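Welcome! Take a moment to look over the sequence and the 3D view, and then we will walk through some of the contacts together.

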Amino acid sequence: MSAADTDSAVLTGGDDLVLPFSVEELDVRGRVARLGPALDSILRRHDYPPAVSRLLGEAVILNVLFATALKMEGRVIVQIQSDGPVSLLVTDFTSPDGLRGYARFDGDAVAALPEGAGLSQLVGTGSMAITVDPRTNMRRYQGVVELSGNSLEEIAHTYFTQSEQIPTTVRLAVAETLERQPGEEPRRIWRGGGVTVQFLPQALDRIVVRDIDPGDAPEGAARDERDDDDAWVEASARAQSAMDHELVDPAISAERLLLRLFHQRDVRVFDPFSLSADCHCSTERIRMMLNQFDEDDRASMVEDGVIKVTCEFCNTHYAFDPATLEAVDPTE
C-alpha cells in the first residue's frame with residue numbers, strides 16, 4: 001500500500017474512525033474500526049463492571065463495522081436479550097457518525113462470575129437482533145440469531161451466514177489501557193478495535209455458505225462437499241490473525257495494521273468515517289415523550305413532587321414539573 005493506493009487525502013492514524021479497504025486480488029472488501037475517546041465516553045457514563053464494559057464495547061464495534069458498510073442514512077441497532085447476568089445490551093449507530101449504548105445487568109450475578117468469564121456465562125440463553133431502520137421510505141429490516149457461541153465474534157459469524165449469505169470474518173477487541181498526555185497524570189481509558197472482511201467475487205458460484213459446521217451436521221444429512229475458495233481462505237485467515245493489542249494500540253494506525261495483515265497484497269483504502277459518542281436525548285424530546293402519556297399515567301410517575309427521567313444511554317438525569325411539564329433542576 002502506498003500513497004497511490006489510498007483515496008484519502010491524508011492517511012488516518014487517529015482514533016474514532018472506520019477505514020474501509022479492499023484487496024482486489026482476494027476479492028474482498030473490509031473495514032478497520034479504531035475507537036478511543038468515543039468508546040471510553042460511552043462506557044464511563046455508567047459504573048459497569050469490566051466484563052460488562054468489554055462486552056458492550058465489542059457490541060459497539062460490531063455495530064460500527066456493520067452499519068458503515070450499508071451506505072444509507074438512518075439507524076442500526078444491535079440488541080442482545082438474554083436470561084443471563086447481562087440481560088439486555090443495546091448499541092445504536094445513527095448516521096453519519098453517532099454512537100451510543102447501554103447494558104442492564106445483575107451486579108451480584110456478574111460479581112459472582114469467575115475471572116475471564118466467557119460470553120455464555122455473561123448472557124446465558126437469548127438472542128442477538130440487528131435492526132436496520134432507514135430514514136427513507138425503505139422498509140425496516142431485522143435479523144435475529146441465537147446466542148450460540150463462545151464469543152460475540154462467533155455470534156456475528158452466525159448472523160452473517162444466516163442473514164446476509166456472505167462469507168464474513170470479524171475480529172473484535174476491547175481493553176482498558178493506561179494513557180498519559182504531556183503534562184497530565186496517567187489515566188485509564190477504554191479502547192477498542194475491529195476488522196472485518198467479506199468475500200465478494202464477481203462469480204457468485206465461488207461463494208460457499210454453510211449453515212452449520214460439517215462436523216455438527218446430523219447423521220445422514222446432505223453435506224456441501226465443495227471446498228472454500230482459496231482466495232477467501234487466505235483473506236479470512238489473514239483477518240483472523242489480527243492480535244488484540246494491534247486492534248487497540250493507538251500507536252498502530254489502521255493502515256499499518258492492514259499492511260501487516262495483507263503484506264504482499266495490494267490493499268486499497270478509501271475515505272475514513274469519523275465516529276463520535278452522541279446521545280439523542282434532550283429536554284424537548286423527553287417532554288414530548290411524557291406528553292404521550294395520559295394524566296393518570298403521568299401522576300403515577302411523580303416522585304418528590306417531580307417526574308424524574310434518566311436516559312439509559314448517557315445517564316443524564318431530567319426532572320419536570322408534573323403540572324406544566326416544564327424542566328426543573330433535578331438536584332433541587
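Are Arg-100 and Asp-92 buried or exposed? Both Arg-100 and Asp-92 are buried. Please keep in mind that this is a predicted model.

**Salt bridges**

- There are 18 salt bridges in the structure.
- One of them joins Arg-100 to Asp-92, with 3.4 Å between the closest N and O atoms.
- Another links Arg-191 with Glu-179, and here the closest N and O atoms are 3.3 Å apart. Arg-191 sits in strand β9 (residues 187–199) and Glu-179 in strand β8 (residues 168–179), so this pair ties together parts that are 12 residues apart in sequence.
- Arg-191 has a relative accessible area of 1%, so it is buried. Glu-179, at 18%, is buried because the cut-off for that word is under 20%.

**Aromatic pairs**

- The structure contains seven aromatic pairs.
- Phe-21 and Phe-262 make up one of these pairs, with 5.8 Å from centre to centre and 45° between the planes, an arrangement that counts as tilted.
- Which parts of the chain does this pair tie together? Phe-21 is in strand β1 (residues 17–23) and Phe-262 is in the loop between α8 (254–261) and β10 (268–269), so the pair connects parts that are 241 residues apart in sequence.
- Phe-21 is buried, with 1% relative accessible area, and Phe-262 is buried at 1% relative accessibility.
- Elsewhere in the tour, Phe-66, Tyr-159 and Phe-160 come together as one aromatic cluster.

**A charged patch**

- On the surface, Asp-294, Glu-295, Asp-296 and Asp-297 gather in a patch of negative charge.
- Asp-297, one of the patch residues, is part of helix α10 (residues 295–300).
- Is Asp-297 buried or partly exposed? Its relative accessibility is 34%, so Asp-297 counts as partly exposed.

Notes: Residues are numbered from 1 along each chain as its sequence is written. This is a predicted model: local features need pLDDT of at least 70, side-chain atom pairs count only at pLDDT 80 or more; totals for chains, interfaces and linings use all residues. Side-chain values use heavy atoms; hydrogens and water are left out. Patches are made of residues with over 30% relative accessible area and no salt bridge: like charges are joined within 9 Å, nonpolar side chains (Val, Leu, Ile, Met, Phe, Trp, Tyr) within 5 Å. Accessible areas come from the Shrake-Rupley method with a 1.4 Å probe; for residues, only the protein chains shown count as cover. A salt bridge is a side-chain nitrogen of Lys or Arg within 4 Å of a carboxyl oxygen of Asp or Glu. Lys and Arg count as positive and Asp and Glu as negative; His and the chain ends are not counted. The place of a charge is taken as NZ of Lys, CZ of Arg, CG of Asp or CD of Glu. Helices (H or I, at least four residues) and strands (E, at least two) are DSSP runs, numbered from the N terminus. Buried means under 20% relative accessible area, exposed over 50%, partly exposed in between (1.4 Å probe, protein chains only). Rings of Phe, Tyr and Trp (its six-membered ring) pair if their centres lie within 6.5 Å; planes under 30 degrees apart count as stacked, over 60 as edge-to-face and the rest as tilted.
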